[in-house]
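Student: Could you help me learn how to read a protein model? I would like to go through it step by step.

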Amino acid sequence: MARRMSGAVSCCRQLSYLIRNPPCLPNLPDLNLRNSNSPLPNSIPISFPFPHSRSFAKKRNTQTCDDDYDSGDQDGGAFDIGATVKPAALSQMDAALDALARELTKLRTGRASVGMLDHIIVLANGMKIPLNGMAAVSVLDSKTLSVSPYDPATIKELEKAIVASPLGLNPKVDGQRLIAAIPPLTKEHMQAVCKLVTKSSEDAKQSIRRARQKALDTIKKSAPKKKGKEKAGSSISADDAKKLEKEVEELTKKYIKSVEDMSKAKEKEITES
């Protein structure tokens, strides 16, 4: 009996030692243990002294990060007004000129031009498609246009769209293309077209002046109110603000003159046709 008790005590001691000092496991095949909750077969559960790896991570100093963010807003947060206002005004004024050029192209004069049909929309196969996407337009002479469809089957749709446009053209089918003669303008038509030129010109000027006013408002909000007293968060001084305002004014005058030159050239083209 004493021998059995001694053997049991010896087994308990060995088991206790193995639990405290687990043996190294041999190389095992990849059993995808990461996603498995079942223990290894015939193995002793291994306990780790630290329950989670995040216990090693230092606590994030949120106060320091917030202080850095605030200091960035105060020191470097103010953007450079001079580098943004002028390019933005230029972009808006260029857009106004482009819009004017498109409007003037739509107006018919006594001379044939390739772009005079660009604004026409053709209804084909239930879809609305620009005419220049369905046909090639060319000038045969100063009074005649040629319209060659990419798909000859759409020639009737092209003819219908041109006749329905406000240009007053009456194209004729010539094989697989359309021939459109440009009729001379009457005095009444010339006056009506010149009025449209004036209206389009005024619209473009208004767009340019709106771009100018927007730029000046941005400069005014960013510049200090009193000379010698810099506004908090401002990256432009009073002198730089005045210089930038002057540049915007000169830019406005330049674009207004371009609008007037375009309108005069169009009116001359209309009256001399």
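**Reading the fold and its salt bridges**

Tutor: Let us start with contacts, where a contact means heavy atoms within 4.5 Å. In the protein chain, among contacts between residues at least 6 apart in sequence, 62% join residues at least 24 apart. Keep in mind that this is a predicted model, in which local features need pLDDT of at least 70, side-chain atom pairs count only at pLDDT 80 or more, and totals for chains, interfaces and linings use all residues. Residues are numbered from 1 along each chain as its sequence is written, and side-chain values use heavy atoms, with hydrogens and water left out.

Student: How many helices and strands does the protein chain have?

Tutor: Helices (H or I, at least four residues) and strands (E, at least two) are DSSP runs, numbered from the N terminus. Here the protein chain has six helices and six strands. Read from the N terminus, the order of elements is α-α-α-β-β-β-β-α-β-β-α-α.

Student: Where in the protein chain is confidence lowest, and where is it highest?

Tutor: The predictor's confidence in each residue is called pLDDT, and it runs from 0 to 100. The average for the protein chain is 76, and 66% of the residues score at least 70. Confidence is lowest in helix H2 (residues 62-75), with a mean of 40, and highest in strand S4 (residues 144-149), at 94. Over residues 46-78 the pLDDT is below 50, and this stretch has ten contacts in the model beyond near neighbours in sequence. Where pLDDT is low, the predicted coordinates should not be read in detail.

Student: What share of the residues is buried?

Tutor: Buried means under 20% relative accessible area, exposed means over 50%, and partly exposed is in between (1.4 Å probe, protein chains only). Of the 273 residues in the protein chain, 26% are buried. For an exposed case, look at glycine 175, whose relative accessible area is 63%. Glycine 175 sits in the loop between strand S5 (172-174) and strand S6 (177-181).

Student: Now the salt bridges, please. How many are there?

Tutor: The rule asks for a side-chain nitrogen of Lys or Arg within 4 Å of a carboxyl oxygen of Asp or Glu. The count comes to eight salt bridges.

Student: Which residues does lysine 205 pair with?

Tutor: One partner is glutamate 202, at 3.9 Å from N to O. Both residues lie in helix H5 (residues 187-222), three residues apart, which is about one turn of the helix. Another partner is glutamate 260, with the closest N and O atoms 3.3 Å apart. Lysine 205 is in helix H5 and glutamate 260 in helix H6 (residues 238-272), so this pair ties together parts that are 55 residues apart in sequence.

Student: Is lysine 205 buried or exposed?

Tutor: Lysine 205 is buried, at a relative accessible area of 10%.

Student: What does arginine 212 meet in a salt bridge?

Tutor: The side chain of arginine 212 meets that of glutamate 249, at 3.0 Å from N to O. This pair links distant parts of the chain, with arginine 212 in helix H5 and glutamate 249 in helix H6, 37 residues apart. Arginine 212 counts as partly exposed, at 22%, and glutamate 249 is also partly exposed, at 27%.
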